[in-house]
Amino acid sequence: MLFFVVHCKQAAPIPGTACFIRRRMSDNILVLGVGNVLLADEGAGVRAVEQLQHRYAFPRQVELIDGGTMGLDLLGYLDGKTHLFIVDAICSTQPPGSVVIEKLLDPPAYFRQKISPHQIGLSELLAVAAMQDCLPPSITLFGIVPRDLSTGIEMSPEVNVAVGQVVLAVVKELGLMGVEVGAASR
Amino acid sequence: MAKRIVVDPITRIEGHLRIDCEIDNGRVTKAWSSGQMWRGIELILQGRDPRDAWVFTQRICGVCTTVHAVASVRAVENALNLEVPLNAQYIRNMIISAHGIFDHIVHFYHLSALDWVDIVSALKGSPKGASALGQQLSPWPRNGEQEIKAVQEKLKGFVGSGQLGVFAGGYWGHPAMKLSPEVNLLAATHYFQALEYQRQINKVVAILGSKTPHIQNLAVGGVANPINPDSQSTLTIERLYHIKTLIDEIGDFIRNVYMVDVAAIGAFYSDWTQYGAGVTNYLSVPDLPLDTKGTAFALPGGYIGDGNVGSFKAITSFNDEGFKQGVKEGVKHSWYKGDWDRHPWEEETVPQHTEFQDNGKYSWVKSPTFNGKPAQVGPLANVLCMYAAGHGPTKLYTDGLLQKVSALAKTKVGISALHSTIGRHAARAVRCAVLHDSLLGQWQALMDNIGKGDYATFNQPVFPKGEQRGVGFHEAPRGVLSHWVVIQDGKIKNYQCVVPSTWNAGPRNSKDTPGPYEASLVGNPVADPEKPLEVLRTVHSFDPCLACAIHLLDPKSREIVTVRTTV
């Protein structure tokens with residue numbers, strides 16, 4: 001199992017904007033899981049968010065969203081956030097089940113894809129947020145390399161394990177930021 | 001010499017659509033539309049509880065989650081002959097209307113306007129000139145020079161830093177881009193404003209549906225929104241008035257910005273009323289039911305053959321036999337086993353993939369027909385049918401828009417101009433305004449019904465032994481959506497979704513007649529095969545979306561257009 005962390009310096013926010021001033025007050029974190037749960041490992045990000053919601057209790061400053069496969073619909077959730085955690089399946093040369101945790105710098109490589117002109121996905125959502133001065137100043141990608149993208153609601157065993165690792169990694173990262181995460185009350 | 005171009009993908013998150021065109025002397029002579037990904041999602045549903053189907057179906061598509069939830073509960077209710085309480089109909093109708101408004105605004109401004117509006121040219125426009133033009137076109141208060149200048153500065157910042165963001169990959173400076181820098185700048189300003197208003201209207205969906213992007217309030221038999229005017233935890237009068245405020249705020253944007261921009265772009269690109277008609281059989285279903293049985297609707301629907309509005313035949317209820325019997329899907333040119341045309345209740349889904357065969361099988365999308373013929377679906381089909389049915393608001397907004405275009409183009413533009421690429425945009429704007437009126441109407445109907453003391457929102461479904469068959473249809477933002485369910489002893493035996501983009505993006509049918517995308521591309525001009533902007537214009541005008549969203553982040557760049565010379 002490959003697990004590596006790329007440490008980079010935090011992307012600088014745009015000074016002088018209203019968003020910037022508001023954000024310095026306290027940390028507000030959005031954990032955004034994206035993917036299609038009907039395509040096996042493609043839904044890993046959503047499954048990770050489901051597990052986080054099920055197993056832990058978060059303070060008000062942390063919002064968890066199952067973003068499905070949506071784009072612009074999610075713009076409103078970025079408002080006033082200082083940190084964005086994106087949990088998603090990623091294309092990578094790493095073997096299936098690998099976890100890739102990466103701070104995305106500005107402008108992230110993910111913005112520069114040459115795709116069909118003006119269709120809206122996650123990278124476009126972030127680019128639109130940047131134009132609106134509402135891009136969270138810190139963005140961390142929790143990526144999971146999929147094995148099986150066929151139709152079905154069960155994930156492959158290695159991606160199941162990886163989802164568990166990502167859940168722990170998100171909780172650990174929040175802990176390092178001083179955010180108290182408790183166990184879910186049953 | 002003829003060239004063949006392949007555009008793949010035309011869309012991204014919505015699934016993989018590939019368009020092949022043969023081009024000769026600057027015109028498209030032949031086109032193929034191919035779905036590049038197998039769905040087969042219906043198979044997941046077999047053996048499941050019909051009450052859960054909507055939770056799965058709303059994950060089919062990356063863009064239109066709500067619509068699959070609505071069609072699914074309607075299909076099961078139809079199979080059980082289950083009536084839906086009035087409040088539940090009104091709440092669903094409000095979600096449907098608000099979602100449609102959101103979708104149409106995003107489609108025009110954020111998914112297709114940049115086929116017509118040159119962002120890089122907007123940098124050269126004079127904010128003063130753009131503001132003067134805006135004020136001449138409409139009473140919208142946010143066409144001021146200062147706001148336009150701020151947008152231009154923001155754009156300059158992006159372009160100057162080499163970071164085009166969402167605007168990367170556009171065909172800027174293309175010879176088919178015809179708007180003046182000032183018009184481009186005004187449209188770019190509205191692009192940014194539209195980002196704000198789409199969020200406003202999406203809040204209505206979020207409040208009523210408990211959550212977006214996946215609503216949680218539906219149930220077979222009604223909705224899960226308890227109504228109690230006195231309780232804080234339910235749908236209160238206070239919340240309903242908050243929704244009313246959100247609805248009111250977006251009305252001016254639709255009428256004074258969206259409708260006006262579409263009219264202006266239609267007038268400046270009036271040559272595009274001659275391209276892109278394609279299949280002119282139009283299918284649309286009635287929606288926004290006003291009774292518990294689904295026999296009276298706020299918005300009419302039906303069928304128009306061969307572009308003849310006078311031939312309109314209405315579809316009148318959720319049990320309409322003409323609709324139930326008329327829909328078939330064929331697989332002669334699709335990657336499924338066999339060569340058949342079958343009713344959705346009788347279909348099987350057995351994949352058989354081959355290479356791309358120009359005259360054989362070449363798409364994962366099946367080929368739907370209505371009474372044996374391909375049909376175009378979507379806002380244009382819907383607006384033409386509502387117009388033919390004499391629907392007041394539709395006539396008002398359509399005639400108003402055509403008058404505005406005529407005045408700007410200084411020539412009489414009639415309803416026949418709507419059978420075109422640009423006409424699909426015009427119809428979508430009309431439908432957006434109609435939906436806004438409907439949303440207000442449904443809000444009032446809900447308030448009035450609660451005022452009468454009716455708080456019911458749910459009827460319990462009962463599943464008898466044996467087999468039941470149902471269809472649930474819905475006029476979704478992209479057109480007719482139908483879910484077909486066969487239930488056996490309380491479990492799903494068969495389930496098929498015939499989605500709008502299947503109607504429009506379908507391959508040639510069993511009689512080798514091209515589907516709507518394919519037919520609409522023939523005759524399109526293409527100035528530069530390496531940059532097939534005109535092909536994108538026509539395909540994007542349908543609001544393409546193949547219901548098979550995949551959402552992998554891919555850090556690597558890749559080319560989307562390949563061109564080769566055919567022998």
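**A chat about chain B**

Modeller: Let's begin with strand 13 (residues 367-370) of chain B: B:Ser367 and B:Thr369 point one way, B:Pro368 and B:Phe370 point the other way, and all are buried. Buried means that 20 or more other C-beta atoms lie within 10 Å of the residue's own; 12 or fewer is exposed, anything in between is partly exposed, and C-beta atoms are placed from the backbone. Strands (E, at least two residues) and helices (H or I, at least four) are DSSP runs, numbered from the N terminus. This is a predicted model, in which local features need pLDDT of at least 70 and side-chain atom pairs count only at pLDDT 80 or more, while totals for chains, interfaces and linings use all residues. Residues are numbered from 1 along each chain as its sequence is written, and chains are lettered from A and ligands numbered from 1 in the order in which they are written.

Biologist: Why do the side chains of a regular strand point to two faces?
Modeller: In a regular strand they alternate between the two faces of the sheet.

Biologist: How many bridges join strand 13 of chain B to strand 11 of chain B?
Modeller: Four, and strand 11 (residues 327-330) of chain B runs antiparallel to strand 13. Two strands count as paired if DSSP finds at least two bridges between them. B:Gly330 has B:Ser367 as its bridge partner.

Biologist: How confident is the predictor in chain B?
Modeller: Chain B has a mean pLDDT of 89, and 90% of its residues reach 70 or more. pLDDT is the predictor's confidence in each residue, from 0 to 100. For the complex, the predictor gives an ipTM of 0.76 and a pTM of 0.89.

Biologist: And where does pLDDT stay under 50 in chain B?
Modeller: Over residues 9-15, for which the model has 39 contacts beyond four places in sequence, and also over residues 547-560, with 55 such contacts. A contact means that the C-beta atoms of two residues, placed from the backbone, lie within 7 Å. Where pLDDT is low, the predicted coordinates should not be read in detail.

Biologist: OK, zooming out. How many helices and strands in chain B?
Modeller: Chain B has 16 helices and 17 strands. Its radius of gyration is 23 Å, close to the 24 Å that the globule rule gives for 567 residues, so chain B is as compact as a globular protein of that length. The radius is taken over C-alpha atoms, and the rule is 2.2 Å times the number of residues to the power 0.38. Buried residues make up 57% of the 567 residues in chain B.

Biologist: What about the largest nonpolar core, how many residues has it?
Modeller: It has 188 residues, and those with the most contacts inside it include A:Val166, B:Tyr258 and B:Leu384. Helix 4 (residues 86-112) of chain B gives the largest share, 15 residues. Apart from this core lies another, of 22 residues, among them B:Ile19 and B:Tyr336. By nonpolar core I mean a set of buried Ala, Val, Leu, Ile, Met, Phe, Trp, Tyr and Cys residues joined through C-beta atoms within 7 Å.

Biologist: Which residues does A:Val166 touch?
Modeller: Not counting residues up to four places away in sequence, A:Val166 touches A:Ala48, A:Val87, A:Val99, A:Phe142 and A:Ile144.

Biologist: Last one: is B:Pro139 buried or exposed?
Modeller: B:Pro139 counts as exposed, because it has 11 C-beta neighbours inside 10 Å. B:Pro139 sits in the loop between helix 6 (127-137) and helix 7 (145-160) of chain B.
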